[in-house]
Amino acid sequence: MVGLLIWAEPKKGQRSVRLEERPVQRMRFLQAEIVKSSHGAILSRRVLAAGKKLRKRGVTQIVLPEAFPFREQIIKCGLRPVSTLALRRAIAADWVRTGLAEKGMPVAGARVAVSAAALTGEAVRTVTELCLRHRYVLLDLPYGGEELCRQLRREYGVSLLLGPSKDQLEGAEALVLFDARTDLSLKNSVALRLYDEKQTLPSLALPPSMEEALPEGVDRGQLLAVLREAGVLKREQIALGSGKKLANGEA
């Protein structure tokens, strides 16, 4: 079972840490409710106590509150914050389109560059989606891109530029990195670091009926990521560019 950590306002006679099972979109979580405190040391001790209780109940993954300052304490308890990397890669093509639109740039005619260390299934899906939306797509790979080029031309009639130069990568309006590139300036109008969970996610929203069932105050990226991983949330149900801004890292 996945853990869920939420803050609670102080009330008379309330326990500082309370555990209960909670369903979210047909997925069961073990929720730890921690009473807030203005004293950092007290709050830190409560977080540690909650983490130990969750771990004792068999929890290994956890969805944290927004802008959570006690990640190290949670990790010391043997709990792992839910990763958003798979979610970031799943929404990459939509993220590019939203980012270009927010900058007031033409979407269809934009040059979009993709760099990856290997041609994974996620990279193939992203490149395919980008080719169907943008006129110019550049793919930087150490090997294995030729077959994808032939496949895209055969199935969709679109072309893909393989082996772009560093100048071409940096000159593209949008750059999508599946792996770190220390040789690039990342000064593109849109630069997505799909390997970096510190990059702020775009606003993500679900259909209204699903939004109403989500707990407030939790890291939306982590929550949607684990719901998608569990199969109770489909990629098509996640909309970009609406809803509240996520606060889960630096831009």
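**Figure 1. Gly157 and the end of helix H6.** Gly157, which comes just after H6 in this predicted model, has a positive phi of about 70°. Helices here are DSSP runs of H or I of at least four residues, strands are runs of E of at least two, and both are numbered from the N terminus. Residues are numbered from 1 along each chain as its sequence is written. As the model is predicted, local features need pLDDT of at least 70 and side-chain atom pairs count only at pLDDT 80 or more, while totals for chains, interfaces and linings use all residues; side-chain values use heavy atoms, with hydrogens and water left out.

**Figure 2. The buried residues of helix H6.** H6 covers residues 146–156, and Leu148, Cys149 and Leu152 in it are buried (under 20% relative accessible area; exposed is over 50% and partly exposed in between, with a 1.4 Å probe and protein chains only). These residues lie on the same side of H6 because they cover an arc of only 105° around the axis, the arc being that of the directions from the helix axis to the C-beta atoms. Helix H5 (121–133), strand E7 (136–140) and strand E8 (161–162) are among the elements that cover them, where contact means heavy atoms within 4.5 Å.

Figure 3. Two aromatic pairs are found in a search of the whole structure. Rings of Phe, Tyr and Trp (its six-membered ring) pair if their centres lie within 6.5 Å; planes under 30 degrees apart are stacked, over 60 edge-to-face, and the rest tilted. The ring centres of Phe68 and Phe70 are 5.8 Å apart and the planes are at 70°, so this pair is edge-to-face. Phe68 is buried at a relative accessible area of 10%, and Phe70 is also buried, at 10% relative accessibility. Ring pairs join Trp7, Phe68 and Phe70 into a cluster.

**Figure 4. Gln25 in the loop between strands E2 and E3**. Most residues other than glycine have a negative phi. Gln25, not a glycine, has a positive phi near 50°. The loop that holds Gln25 runs between E2 (17–24) and E3 (27–35). Gln25 counts as buried, at 13% relative accessibility.

**Figure 5. Leu186 in the loop between strands E9 and E10**. Phi of Leu186 is positive, about 60°, although Leu186 is not a glycine. E9 (174–177) and E10 (190–193) are the strands on either side of the loop. Leu186 counts as partly exposed, with 27% relative accessibility.
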